[in-house]
Amino acid sequence: YAENFLYMLTDKIPDPSFSQLFDICLILHAEHTMNASTFSGLVTASTLSDPYSVVSSALGTLKGPLHGGANEAVIHMLEDIGTIESVSEYLDQKFAAKEKIMGFGHRIYKVKDPRASVLQEIAQQLEETPTDKHSLFAIARTVEQEMERRVGAKGIRPNVDFYSGIL
C-alpha cells in the first residue's frame, strides 16, 4: 500500500527504503486504538448509517486542526520560528499569551509518545543537512529540548504530530 500510494503521488516507482519508512508511518498511525476519528466513525456506524457516512464522519473528524491537521500546524509553527536561535523567544511569546504549543501534550501519555520517538528517528534518517540551523528537524529538536526544560516535569512532551508533519 505504501509503495502504491507513493507511486500514485509521484508517478514514479519509489525507492524501496522510502516505501518502507512510509509503511512504518502508516502503521504507527493506524495501530493506535481509539482516537477521535475512529470514535467518530464508530458512533456513526452504531446508528446503522451507511458505510459512506461512516467514512465521511471519520474523515471529517480527521480533518480537524486538533486531530489530523495538528501535524500541519506543527509545520507552520516550525516555519514561523525559522531558526534554532529563535526558539526561546517564540516559546516566551506563546507562553505569555497562554497559547498552545502544537505537537505537545497527550490525553493519555505523560511521557514522550512512543510513536513520536519512532518518527523522530525516521526524520533524523531523512535529514539531509542536520547542522543547518534553518532545517525543520533542527528547529524541532531545539523546541523539544526547550519544552522539556520548561514543562517536562508537568508531563507535557511531544506527541505523534510533532515529528509526523516533518515526514
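Ala30 is an exposed residue, with a relative accessible area of 59%. In this predicted model, Ala30 belongs to helix α2, which covers residues 16-30. How far apart are Ala30 and Ala116 in sequence and in space? They are separated by 86 residues along the sequence, while their C-alpha atoms lie 14 Å from each other.

**How confident is the model?**

The average pLDDT of the protein chain is 92, and 97% of the residues reach at least 70.

**The overall picture**

Let's step back and look at the whole chain. Along the principal axes, the C-alpha atoms fill a box of roughly 50 × 40 × 25 Å. The chain has 167 residues, and 37% of them are buried. Its accessible surface is about 10,500 Å², with 59% of that belonging to carbon and sulfur atoms. Now take the contacts with a separation of 6 or more: 67% of them join residues 24 or more positions apart.

**Inside: the nonpolar core**

Which residues have the most contacts inside the largest nonpolar core? This core has 26 residues, and the ones with the most contacts inside it are Met77, Leu78, Ile81, Leu119, Val143, Met147 and Phe162. Two or more residues come from each of α2, α5 (70-81), α6, α7, α8 (136-151) and α9 (160-164). Helix α8 gives the most, with 6 residues.

Setting aside neighbours within four places in sequence, Val143 is in contact with Met77, Leu78, Ile81, Val87, Phe104 and Phe162. Among these partners, Met77, Leu78, Ile81 and Phe162 are also listed with the most contacts inside the core.

Phe5, Tyr7, Met8, Leu9 and Ile13 make a nonpolar surface patch of about 590 Å². One of them, Phe5, sits in helix α1, which runs through residues 2-10. Is Phe5 buried, exposed or partly exposed? Its relative accessibility is 41%, so Phe5 counts as partly exposed.

In general, most residues other than glycine have a negative phi. Asp11 has a positive phi, near 60 degrees, although this residue is not glycine. Lys98 is likewise a residue other than glycine with a positive phi, in this case near 55 degrees. Asp11 is found in the loop between α1 and α2, whereas Lys98 lies in the loop between α6 and α7 (114-126).

| Residue | Relative accessibility and class |
|---|---|
| Phe5 | 41%, partly exposed |
| Asp11 | 61%, exposed |
| Ala30 | 59%, exposed |
| Lys98 | 76%, exposed |

Why does Lys98 count as exposed? Exposed means over 50% relative accessible area, and Lys98 has a relative accessibility of 76%. Asp11 counts as exposed because its relative accessibility is 61%.

Technical notes. Residues numbered from 1 in each chain as written. Predicted model: local features only at pLDDT ≥ 70, side-chain atom pairs only at ≥ 80, totals over all residues. Heavy atoms only, no water. pLDDT = per-residue confidence, 0-100. Helix = DSSP H or I, 4+ residues; strand = E, 2+ residues; numbered from the N terminus. Patch = residues over 30% accessible without salt bridge, like charges linked within 9 Å, V, L, I, M, F, W, Y side chains within 5 Å. Areas by Shrake-Rupley, 256 points an atom, 1.4 Å probe, with all protein chains shown as cover. Salt bridge = Lys/Arg side-chain N within 4 Å of Asp/Glu carboxyl O. Buried < 20%, exposed > 50% of the residue type's maximum accessible area, 1.4 Å probe, protein only. Contact = heavy atoms within 4.5 Å. Core = buried A, V, L, I, M, F, W, Y, C linked by side-chain atoms within 4.5 Å.
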